[in-house]
Amino acid sequence: MNKLIIFLYSILPKKTILFLGRSRLLKKLRNTVLRPNNKDVVISLFVKWGKGGFHFFASPKVVVKAKNKGIENTLLKNALFLFDKFSISTPTIIDVGANYGFISLALSTNLSKDSIVFSFEPHPQLVEAFKKSIIKNNIKNIHLENVAVGDLRNRISLNLMGQTSNILDTGIEVVEKIEIDQIFLDDYFLSNQIKPDFVKIDVDGYELNVLKGMKNTIAKYLPILVVESNGNHEIIDFLKQYDYDLFDLNLSKFEGIPNNIFCVKRN
């Protein structure tokens, strides 16, 4: 069944899959073939990326994308470039908003086994899929935390929306609401004696809260950051407080607010 699902997602245009979901007559066919047992399907495929490769568990759509095009290729390649440039041979990596874990898995399998990855993802179904990838690949250096990350330590309401989640009200139809622990990174790093070298933050509009929750760490260590901006000028203002050069995803200078911002300690 996995091979059939992958084949169909590979050949069917996105518009066709969306049409099947909207059609009352064809929705049952879509659920039977593309979503057996009427559940969100998680399948696996071996994905080659860079010098490494790994078994990747995710939704059919994400697995096919990972196999055919990769995920966040520019971000990953430039992270590896910066590790090499600054002679960071065994980086401590923080992946906030890990989703199915592609970035964490790709970095883990392309770096020394002495590197450490701390991955944070609040969506419980995505965490379960990510755990399967970790176990299947026998990866020992990824530490996965099923929590939200912000600027407080408390219990919060999390909106689940299929294959994504958000603390904020984004206007997207909410499938389910759950209660989950929220942490802030300054506290987590201090408690676990972590000195991060690289922090990636992609949390669909909650990035500023994550940054505020690690302001002491930024001031002390100036780790390499890559932050999704979502067009929020307050993120630029926050980052300019620190001794960083700011670049876009291609490590080029920019005007305005790029979608992703690389922050690199000034020479």
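Student: What is the strand order in the open sheet of four strands?

Tutor: The order is β6-β9-β7-β8, with mixed pairing. Strands here are DSSP runs (E, at least two residues) and helices are runs of H or I with at least four residues, numbered from the N terminus; two strands pair if DSSP finds at least two bridges between them. β6 (148-149) and β8 (164-166) stand at the edges with a single partner strand each, so one side of each has no neighbour in the sheet.

Student: Before we go on, what kind of model is this?

Tutor: It is a predicted model, where local features need pLDDT of at least 70 and side-chain atom pairs count only at pLDDT 80 or more, while totals for chains, interfaces and linings use all residues. Residues are numbered from 1 along each chain as its sequence is written, and side-chain values use heavy atoms, with hydrogens and water left out.

Student: How many bridges join β7 to β8?

Tutor: Three bridges join β7 (residues 154-161) to β8, and the two run antiparallel. Methionine 161 has threonine 164 in β8 as its bridge partner.

Student: What is the order in the open sheet of seven strands?

Tutor: That sheet reads β5-β4-β3-β10-β11-β13-β12, again with mixed pairing. β5 (142-145) and β12 (244-247) are at the edges, each with a single partner strand, so one side of each is left without a neighbour in the sheet. Neighbouring strands are turned by 15° against each other on average, direction ignored.

Student: In which sense do β3 and β10 pair?

Tutor: Strand β3 (residues 92-96) pairs with β10 in the parallel sense over four bridges, and isoleucine 94 stands opposite valine 199 in β10.

Student: Which strands do the helices touch?

Tutor: Contact means heavy atoms within 4.5 Å. Angles run from 0 to 180 degrees between N-to-C directions, using axes fitted to C-alpha atoms, for helices over the stretch in contact. Helix α5 (residues 73-85) lies across β3, β10, β11 and β13 (260-265), at about 0° to β13. Helix α7 (residues 124-136) packs on the sheet and touches β4 (116-120) and β5, making about 165° with the direction of β5.

Student: What unit do β4, α7 and β5 make?

Tutor: They make a right-handed β-α-β unit: with the strands pointing away from the viewer, the path from the first strand over the helix to the second runs clockwise. β4 and β5 run parallel, joined by four bridges, and serine 119 stands opposite leucine 144 in β5.

Student: Which strand gives the most to the lining of the largest cavity?

Tutor: β11 gives the most, with three residues.
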